Amino acid sequence: IHRKGLAFREAQGVAKPTLIAKWAVARMLRALERNDEALALQRELLDGWEAIGDESGFVFEELGELLLAAGKPEEAHRWFGKAWAKLKDVGWLKSSEPERYARLERLATAADEVAVPGLAFVRLNRWGTETWQRKTDGALVVRVPGGSYLAKPYEGWGEVEEPKPVDVASFYVDRHEVTHAQYAAFLNATPADDQDGLVWTEVEGLQFHPGQDPMWRATPGWERLPVTAATGKGAQAYAAWVGGRLPTHDEWMKAASGPGGRRYPWGEEEPDATRANFGRPSPRGLMPVGSYAAGASPYGVMDMAGNAYERVMGDVGGSKPLPMVLKGGSWLTPHPLNLRVLDLCVQPLDVADASVGFRVVMDDPDPKRPAVATPDAPALRLATAWQDAIREAKRRRVPIFLSLQFDTCGQCD
C-alpha cells in the first residue's frame, strides 16, 4: 500500500509529498525489521531533502533508530541530536505522542547527561538492565546496580550454610565472554615486546602469521567462541587495554546470581542443554558466545554457567588477589553441581587450557546514579472507524499498519 502511494506521488512529480511517501515506506520496512532496506531509503531521503534545500527531523530520527538497532550507538546519538533540534518544538508530537517525544529527548541527550568513559549507551535490555557498548573492542556491557546480594559460601554436595548479604558497589560487566576475534585484535594492537606470556600456544583458536597484516587472527570458525588461549596474565592485559579489569569474586557472584543469590544464573532449575553448554549428555566443545539465552543471569549476562570457565580475582594464599580462581564451569564440566554460582576451581596465572576464558568488568564512575529509564514502546492503536483511522494517521503523521474492512447489505449483522 505504501509503495503504491509512493508511486502515485512520484507520478505527480511534486518533491516534498514524494519524500514524505518514501519516508512512510522506509518506516514500514523498519516495522517489518527489514532494517538494511530501511536504512538505505533513509539515506536516500537525506539527499532528497538536501536537493530541495530543506531537511527533515523525522528522517534524522529514523536514522538514529536504525543505527541504534545496528549496534552503532555513537553514530545514532549524532542523528538523534539533529532530530531533537528539529522536532523538540513540534507541538503535535509532544502532545499526541508523549512516549515518542520523551524517548527522542532521552536518546538525544542521555549520552551527554550520563557519561561513562569508554562506553556509549545502547538501550535497556529485556531484563531491564542498562546495556552499553565499549568503544575499544565493541563489546556489549551491562550495568549491575549497587547493593547487597546473598552470598553463598562454597560447599560440595550439600548446601547447608546460610547465605549472607554482601554489599557490592555498582559496576559494568561484559555481557559475553571475550572472543578469539577480540583477543586477536588486542594482540595486534600490543607491541611485540609486550606479548610474552599472553598466549598459551598449545591451545587452539589463535593463529600467528609473522610479517603479515594482521599477524594475529582467530582460527576460521572460532571468531565468536570464547578465547581460551589467553593466560591469566593475558586476561589482565586485555582488561587493562579496554579500560577495565577482571571481576572480583563477589562481583562475579552478584552478576551471575542477582541480589537473591540464585543457585544457577537462571534460577533453581537443574541445568539442561537449553540453558548451558556442559558435559552432559556428552561434551560438545565451545559454542559461540550468547548461544544460551535461556541461561542468562538476572541482569542479562550470558554464559555464566558452562561453555568456558571464567577467571576472577581471588585470594589463593598470596600477598594480593590474583586471577587464578575459576568460576562457572565449562563445556567439559561433567556434573551439574559444578555449574552452581557458588562453585569454584583454581588455575595458575601463567597457563591456559581449552576450557577457561574470561570477561571484563569496569568501575562505575558514578555508582550513586539511578538507572537510565526508558519508557515503554508505544503500542499499536486500534481505530474502529476508517475515517477515525485516517484522521489519527494524518494528525500523528504515521502510516496505517493494517486495515480490515467489510461491507454489508444492511439486512444482516
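The questions and answers below go through a predicted model of one protein.

Q: What makes up the protein in terms of helices and strands, and what are its dimensions?
A: The protein has 11 helices and 13 strands. Its C-alpha trace spans about 80 × 60 × 45 Å along the principal axes. Of its 413 residues, 46% count as buried. Among contacts between residues at least 6 apart in sequence, 65% join residues at least 24 apart.

Q: Why are α4 and α5 called roughly antiparallel?
A: The axes of helix α4 (residues 57-69) and helix α5 (residues 73-87) cross at roughly 160°. Angles over 145 degrees count as roughly antiparallel, and α4 and α5 are therefore roughly antiparallel to each other. Their axes come within 8 Å, and α4 passes α5 in a left-handed crossing.

Q: Which residues of α4 and α5 meet?
A: On the α4 side they are G57, F58, F60, E61, L63, G64, E65, L67 and L68. On the α5 side they are P73, E75, A76, W79, F80, K82, A83, K86 and L87. The residues of this contact divide into 11 nonpolar, two polar and five charged.

Q: Why is E61 called buried?
A: E61 has a relative accessibility of 4%. The cut-off for buried is under 20%, so E61 counts as buried. E61 lies in helix α4. Not counting residues up to four places away in sequence, E61 touches F80, A83, L87, R100 and L104.

Q: Is D350 buried or exposed, and how do you know?
A: D350 has a relative accessibility of 54%. Exposed means over 50%, so D350 counts as exposed. D350 lies in the loop between β11 (345-346) and β12 (356-357).

Q: What does D350 contact beyond its neighbours in sequence?
A: Leaving aside neighbours within four places in sequence, D350 is in contact with W200 and T231. The C-alpha atoms of D350 and L198 are separated by 8.2 Å, although D350 and L198 are 152 residues apart along the chain.

Q: What makes both faces of β6 count as covered?
A: F171 and V173 on one side are buried, and so are Y172 and D174 on the other. In a regular strand the side chains alternate between the two faces of the sheet.

Q: How do you know that β9 and β12 pair?
A: Pairing needs at least two bridges, and two bridges join β9 (residues 309-314) to β12. These two strands run parallel, and E310 stands opposite G357 in β12. They belong to an open sheet of four strands with the order β11-β10-β9-β12 and mixed pairing. Its edge strands are β11 and β12, each of which pairs on one side only.

Q: Why is α10 called mostly covered?
A: Seven of the nine residues of helix α10 (residues 249-257) are buried. They are E251, W252, M253, K254, A255, A256 and S257. After α10 comes G258, whose phi is positive, near 75°.

Q: Which residues of α8 are buried, and what covers them?
A: In helix α8 (residues 180-189), the buried residues are H180, Q182, Y183, A184, F186 and L187. Their cover includes β7 (206-208), β8 (216-218) and α9 (232-241).

Note on methods: Residues are numbered from 1 along each chain as its sequence is written. This is a predicted model: local features need pLDDT of at least 70, side-chain atom pairs count only at pLDDT 80 or more; totals for chains, interfaces and linings use all residues. Side-chain values use heavy atoms; hydrogens and water are left out. Axes are lines fitted to C-alpha atoms, for helices over the stretch in contact, and angles run from 0 to 180 degrees between N-to-C directions. Angles under 35 degrees count as roughly parallel, over 145 as roughly antiparallel, 65 to 115 as roughly perpendicular and the rest as oblique. A crossing is left-handed if the near helix is turned anticlockwise from the far one by less than a right angle, and right-handed if clockwise. Contact means heavy atoms within 4.5 Å. Ala, Val, Leu, Ile, Met, Phe, Trp, Tyr, Cys and Pro count as nonpolar, Asp, Glu, Lys and Arg as charged, and the others, Gly among them, as polar. Buried means under 20% relative accessible area, exposed over 50%, partly exposed in between (1.4 Å probe, protein chains only).
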